[in-house]
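Please look over the sequence and the structure below. The report then takes them one part at a time.

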Amino acid sequence: MNQGSQTASLLLLVLPLVLIGFMLWSARRRQKTMAEFSASLQVGDEIFTTSGILGRITELDTDRVRLEVAPGTVLTLDRRAVGMKAEPTGPAGPTGPVDDQAGQG
């Protein structure tokens, strides 16, 4: 065997190990981030579920979340179904440009 074929054989052994190591590291990092997010949830937070439901947390257990999606409508979900916190919204107001000339003339 020459030096080139030994190097190629070594690469064929090392590259899959590096890929597996990267995949494990990435999964652990993602799992840690999700655990920190779940621990940061509080009653009163507005959140989106992984299925796109928007609501306000009314009660938290170790594995369940009670989510008010409309006045008087509360859903009980698995805590893992919480996808992200909703961005805080400002007071309701006009969304388009305001016409200062309206009503004059």
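## Overall layout

From the N terminus on, the elements run α-β-β-β-β-β. That makes one helix and five strands. Helices (H or I, at least four residues) and strands (E, at least two) are DSSP runs, numbered from the N terminus.

This is a predicted model: local features need pLDDT of at least 70, side-chain atom pairs count only at pLDDT 80 or more, and totals for chains, interfaces and linings use all residues. Residues are numbered from 1 along each chain as its sequence is written, and side-chain values use heavy atoms, with hydrogens and water left out.

## Surface and contacts

The chain has 105 residues, and 13% of them count as buried. Buried means under 20% relative accessible area, exposed means over 50%, and partly exposed lies in between (1.4 Å probe, protein chains only). The accessible surface of the chain is about 8500 Å². Carbon and sulfur atoms hold 60% of that surface. Accessible areas come from the Shrake-Rupley method with a 1.4 Å probe; for residues, only the protein chains shown count as cover.

Now take contacts, meaning heavy atoms within 4.5 Å. Among those between residues at least 6 apart in sequence, 31% join residues at least 24 apart.

## The helix and its patch

Helix 1 covers residues 3-40, and Leu-10 lies in it. UniProt, in an unreviewed entry, lists residues 6-25 as "transmembrane region". UniProt positions are given in the numbering used here, feature names are shortened, and annotations may be inferred rather than shown by experiment. In the model, residues 6-25 are 100% helix and 0% strand. Their end C-alpha atoms are 29 Å apart.

Leu-10, Leu-13, Val-14 and Val-18 make a nonpolar surface patch of about 380 Å². Patches are made of residues with over 30% relative accessible area and no salt bridge; like charges are joined within 9 Å, nonpolar side chains (Val, Leu, Ile, Met, Phe, Trp, Tyr) within 5 Å. Leu-10 is exposed, because its relative accessible area is 51%.

## The nonpolar core

Which residues form the largest nonpolar core? There are eight: Phe-37, Leu-41, Ile-47, Ile-57, Val-65, Leu-67, Leu-77 and Val-82. A nonpolar core is a set of buried Ala, Val, Leu, Ile, Met, Phe, Trp, Tyr and Cys residues joined through side-chain atoms within 4.5 Å.

Look at Ile-57. Leaving aside neighbours within four places in sequence, Ile-57 is in contact with Leu-41, Gln-42, Val-43, Gly-44, Asp-45, Ile-47, Val-65, Arg-66 and Leu-67.

## Salt bridges

Side chains of opposite charge can pair when their charged atoms come close. A salt bridge is a side-chain nitrogen of Lys or Arg within 4 Å of a carboxyl oxygen of Asp or Glu. How many does a search of the whole structure find? It finds four.

One of them joins Arg-56 and Glu-46, with the closest N and O atoms 2.6 Å apart. This pair links distant parts of the chain: Arg-56 is in strand 2 (residues 54-60) and Glu-46 in strand 1 (residues 46-49), ten residues apart. Arg-56 is partly exposed at 38% relative accessible area, and Glu-46 is partly exposed at 30%. Another salt bridge joins Arg-66 and Glu-59 (3.7 Å, N to O). Arg-80 and Asp-78 also meet in one (2.9 Å, N to O). Arg-80 is exposed at 70%, whereas Asp-78 is partly exposed at 25%.
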